[in-house]
Amino acid sequence: MKPSLLARGLTGLYLLAFFGFLFGPLFIMVVTALNSSSFPRVSPWDCLTFEWFAKLAADERLQTGLLTSLGIGLAVVVVSVSLGLAGALFLTQIRPSARASYYTLITAPILIPGVVLGISTLIFWDRTAQMLGFGTDSFFYNGIFLTVLGQSSFISSYCMLVIISRLQRFDNGQIEAALDLGATNTQAFRRIMLPFLKPAIISAGIIAFLASFENYNTTVFTISSLHTFTTIISQKVRLGIDPSISAVAFIIILLTLIGALFYEGAHKRAELKKARQVAGDDMRGLFRRNPAMIMGVMVIVATMGGIWLAMNHSATQCKADLLEQKLERQRILEEQYRQSQPATGAEEPGGAPASQGLGAGAFGNVFDPKNLEGQAGVGEEGEEAGPPEGEPQEGDQQ
């Protein structure tokens, strides 16, 4: 039974809304990174510019944070993958009755909020340093050391889950056969089990690096006086955002897209080679029946073209023209405002307009600056005037 036209329409609207919600913010970040407006916006469009990428490249603090994040990410990969691999192997060696409890214990850090993990890591190593007699200048108070341990406490659980999913398909009979043939446990692990777990270990390493690179809740408590890429970005957003943040997002999106396309292309090529549809040393077979690889190359070519355009494009004239248009529009609005204001007040004798001082209105001219001038002997109507000129005053008669 074919779906009705209404069902198709609703399905299409759902998919459109879903992908719009998923990729809409990414599209907005890309557009705002190329707009010359000082505040990130899509409309109205000002000028095509690449100045925000130049500003991003000149930000030394952000570059330092990026290097710190890369170093922490690599250290977290080593620690987390090692712990995850050991935990996955240990899960297969213990008694079946204890596996459920062990599995619950080893995956519990995933459910703990990152803020709690960060504070716990900071307090635990502070008390450890005090018990061992180390001062505040020791590595126990080093921001990178604390961040690596704090992040590894829950990222290693992710790595263990990835490796376990691969390890469940392993045939333990291969290890037993190798041991019967005289191999040691180390040789059996290195030559049989480790090659089998290689795809899972690589996947766990990628997940660990990405989770470490984007982590904020735990890092903000453990990094101490240092800064990572994520903490610097959060400070920029909190203190005032500019399109250089969009430039960061644009670069991350571009690198992710290129990596995903080439990974999918390599996976597709491996499938074609396995099916013997392409030759291993045929370069033309690299793109045959492999649209992901073709799209990856196209994205790289487009990126190189964008870099060349950025090096040769200048938005100075466009900005000058835009500024002139804004000034002209402002002059027109000011003229329209003057014309819309009604002419108030009667004209004084001689053609001069009546005083329109601060006091003009319901209170007359009591606030007119002229009334503040001291004029001795000059009074308003109803006030006592001074003695006439030439008459003697009291105190002069002797």
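At roughly what angle do the axes of helix α1 and helix α11 cross? In this predicted model, local features need pLDDT of at least 70 and side-chain atom pairs count only at pLDDT 80 or more, whereas totals for chains, interfaces and linings use all residues. Residues are numbered from 1 along each chain as its sequence is written, and side-chain values use heavy atoms, with hydrogens and water left out.

The axes of α1 (residues 5–33) and α11 (residues 244–274) cross at roughly 120° and come within 8 Å, where helices are DSSP runs of H or I with at least four residues, numbered from the N terminus, and axes are lines fitted to C-alpha atoms over the stretch in contact, with angles running from 0 to 180 degrees between N-to-C directions. The two helices are therefore oblique to each other, given that angles under 35 degrees count as roughly parallel, over 145 as roughly antiparallel, 65 to 115 as roughly perpendicular and the rest as oblique. The contact (heavy atoms within 4.5 Å) is made by L26, M29, V30, T32 and A33 of α1 together with I245, S246, A247, A249, F250 and I253 of α11.

A search of the whole structure finds 18 aromatic pairs, in which rings of Phe, Tyr and Trp (its six-membered ring) have centres within 6.5 Å, and planes under 30 degrees apart count as stacked, over 60 as edge-to-face and the rest as tilted. Y14 and F18 form a stacked pair, 6.3 Å centre to centre with 20° between the planes, and, being four residues apart in helix α1, they are separated by about one helical turn. The planes of F134 and F139 lie at 65°, so this pair is edge-to-face.
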